[in-house]
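Reader: Could you walk me through how to read this one? I'm new to this.

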Amino acid sequence: MAILTLSRELGASGTYIALKVAEKMNYTCYDQQIINSIAEKMGKEKDQLQHFDQNTYNRIGVFFQEALSSLAQGGMVFHPFGLGALNWDASEMFSSYPQQSFKEKDYYEVLRQVFKELAGKNNAVFLGRGGCHILKEYKNAIHVRIVAEYEDRLEHVIKEEMEGGRFYDSNYKAGESRAEDEQRAEKLIHDWDTASANFISDFFDSNWNDPHNYDLVLNTSKIKPDNCVTIIENLLKNL
């Protein structure tokens, strides 16, 4: 039994590579199933976890979740950037936020549990969410990072992600000017990179871009995605 964890930059064809490796090796590829399993174990709706999930991780959103929990228990709320305690009226400040009963550490513990349960079932490919950190002690795991040059990522997001509807935006209309397309694609990449980097930093105290976290880093601007698939496939077969 072998395991692949795959971290990827948006627009670097990482999802394609993960799915192709899973197909060729007859592995199960886990992405959305992970967040679905976390929600089920926590007794929450998937949408309630959006502030905690890597792709949409929001430090401010997490801060409000923590603040609500603290206030509900009669505790104090501290500024998220280390500026000391905040003297807020909870009824006014948080009236628009839904009450939640879980915190960052709860999500983290269930995330680890889900990864380890799925890793024990069968040959698996895990997309993102700190898999290389959670499964770093697994001797049968290969940890791969997929990157690409920024201009290539931008072009891929415009052609494949936005026009394909994966990142649907109600204000987006296919065929807008190149400048408008680029502006939206740049924002998607920036938001993805920021959320992912913050998620890995906060949950695993690590740098998302540090190559030492991975056994292999592949640049799809230099190596075609299908060739990356072959490289990874050979690694798994010889593990």
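Author: Let's begin with Ile142, which sits in strand 6 (strands are DSSP runs of E, at least two residues, and helices are runs of H or I, at least four, numbered from the N terminus). This is a predicted model: local features need pLDDT of at least 70 and side-chain atom pairs count only at pLDDT 80 or more, while totals for chains, interfaces and linings use all residues. Residues are numbered from 1 along each chain as its sequence is written, and side-chain values use heavy atoms, with hydrogens and water left out.

Reader: Is Ile142 buried or exposed?

Author: Buried means under 20% relative accessible area, exposed over 50%, and partly exposed in between (1.4 Å probe, protein chains only). Ile142 has 9%, so it counts as buried.

Reader: Which residues is Ile142 in contact with, leaving aside its neighbours within four places in sequence?

Author: Contact means heavy atoms within 4.5 Å. For Ile142 the list includes Ile3, Leu4, Asp215 and Leu235.

Reader: And how do I read a helix?

Author: An α-helix has 3.6 residues a turn, so residues three or four places apart point the same way. In helix 1, the buried residues are Gly14, Ile17, Ala18, Val21, Ala22 and Met25. Seen down the axis of helix 1, they fall within an arc of 130° (taken from the directions from the helix axis to the C-beta atoms), so they line one face.

Reader: What covers the buried residues of helix 1?

Author: Strand 6 is one of the elements that do, and helix 9 (225-237) is another.
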